[in-house]
Amino acid sequence: MPTTTAAVVESAGSGFTLGEVVLDELRDDEVRVRIVATGVCHTDLGVAAGALPFPLPGVLGHEGAGIVEETGAAVTRVAPGDKVLLSYTSCGGCANCRDGHPAYCETWLPANLLGGRRPDGTSPISRDGTPLGGHFFGQSSFAGHAVADERSVVKVPADAPLDLLAPLGCGIMTGAGAVWNVLAPRPGATLLVTGAGAVGLSAVMAACLTPSTRIIAVDRVAARLALALELGATDTIDTSGEDLAEAVGKLTGGRGVDGVVETTGNADVLRTAIGTLAARGTAVVVGAPAFGTEVPVDVNFLLPGRHVVGLTMGDAETQALVPTLAGLVAAGRFPVEKLVTHYEFGQIQEAVDDMLSGKTIKPVLRL
């Protein structure tokens, strides 16, 4: 069986250690991908810290990009030599999958985030004969090679810059999907994006490709707010010195906003952002606080048609949205390069530290 180098998390909080692992033989619906680049996401860091019950030791990573080396007998979407981006997996057969919403697949949590195993209970990754936690988002891309579900694989053009496009499969897609798939702004709409990280700034870029006329970005870091303006925000609010609700009220003449994309995962920010909604406005909850977190909402405030909606992976059908995003990046209309900082694979811990400190918005590891 093939071997590869992977960044293994030995236990919660132990960080990432490079070592050799063994890849299992492919199932009929799987693809072996030589990873060229992989983004680092806050979800990876949360699992590595022990915030979610993923089985450790294990291999994380879910924004992979690479070249197909081998395919299972039933695979039809890709062939050896194809360039691909990797995203989440889904069953393909439940009601939500059939309805075009695989991000809400009935198997989503165990198949992507918590299980660490294939549906049959096996892991595609082992070490010294012992299975490791793997199959993370159907890929576990913090490795030189990944055994990926066919449903996690999206083909891109042969000239696609994989080390730039790698983050499309999660963070970038989530921010864009929040705007395009859920808010779908009407002409003249006002949008509020709380948090100017990779997801929030992707929402800003996506909003610029809609008929929205006011895009308000919120953060506590001046440099990120400056970048938000560069990417198309019309206004910014620095909550290190401004009250969010008061600032939104001033910018909108007291009317409020038509849509919110909340990416911080901070319950107080979410509660305040919901309170800025105009009648018939929608707040999209993207940032995930600890399990059990509750946010009080006045029921009467919701009665004028206000909506609060949770979101997973941008509610994206990956085979449609990921190639569209790749095309927009290639055309210069979605400047992901302004978010990305590259690191070598051996610098994974440095990339993680820079992400946690706020120095880097979207680290991408090159292999």
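In the predicted model, the lining of the second largest pocket comprises nine charged, four polar and four nonpolar residues. The volume of this pocket is about 280 Å³. Of the 17 residues in the lining, Asp29, Thr89, Ser90, Pro119 and Asp149 lie nearest the centre of the pocket.

Rolling a probe the size of a water molecule over the atoms shows where empty space is left. Two cavities of 30 Å³ or more are present in the structure. The largest cavity holds about 50 Å³ of space, and its lining consists of Arg77, Tyr88, Ser90, Pro102, Arg151, Glu317, Thr318 and Gln319. By class, three of these lining residues are charged, three are polar and two are nonpolar. For the second largest cavity, the volume is about 30 Å³. Pro2, Asp24, Glu25, Leu26, Arg32 and Glu70 form the lining of this second cavity, with four charged residues, two nonpolar residues and no polar residues.

Helix 12 spans residues 348-357, and its buried residues are Ile348, Ala351, Val352, Asp354 and Met355. Viewed down the helix axis, these buried residues fall within an arc of 165°, so they line one face of helix 12. An α-helix has 3.6 residues a turn, so residues three or four places apart point the same way. The exposed residues Leu356 and Ser357 are carried on the face of helix 12 turned away from the buried side. Contacts of the buried residues of helix 12 involve both strands and a helix: the packing partners are strand 1 (3-9), strand 2 (17-23), strand 17 (340-344), strand 18 (362-366) and helix 1 (42-48). Just after helix 12, a positive phi of about 90° is found at Gly358.

The cysteines were considered next. The count of disulfides in the model is zero. Cys41 takes part in no disulfide, and the nearest cysteine sulfur, that of Cys170, lies 4.1 Å away. Cys41 has a relative accessibility of 10% and therefore counts as buried, the cut-off being under 20%. For Cys105, the closest cysteine sulfur belongs to Cys91, at 3.5 Å, which is too far for a bond because a disulfide requires sulfur atoms within 2.5 Å. Cys105 also counts as buried, with a relative accessibility of 5%.

A relative accessibility of 3% places Leu277 in the buried class. Leu277 and Val260 are 17 residues apart along the chain, and their C-alpha atoms are separated by 7.5 Å. Val260 is also among the residues that Leu277 touches when residues up to four places away in sequence are not counted.

Terms used:
Residues numbered from 1 in each chain as written. Predicted model: local features only at pLDDT ≥ 70, side-chain atom pairs only at ≥ 80, totals over all residues. Heavy atoms only, no water. 1 Å grid on protein atoms, 1.4 Å probe; cavity = no way out; pocket = protein on both sides within 12 Å on 5 of 7 lines; lining within 4 Å. Points joined across faces, edges and corners; volume = space filled by probe spheres on them. Nonpolar A, V, L, I, M, F, W, Y, C, P; charged D, E, K, R; others polar. Buried < 20%, exposed > 50% of the residue type's maximum accessible area, 1.4 Å probe, protein only. Helix = DSSP H or I, 4+ residues; strand = E, 2+ residues; numbered from the N terminus. Arc of directions from axis to C-beta. Contact = heavy atoms within 4.5 Å.
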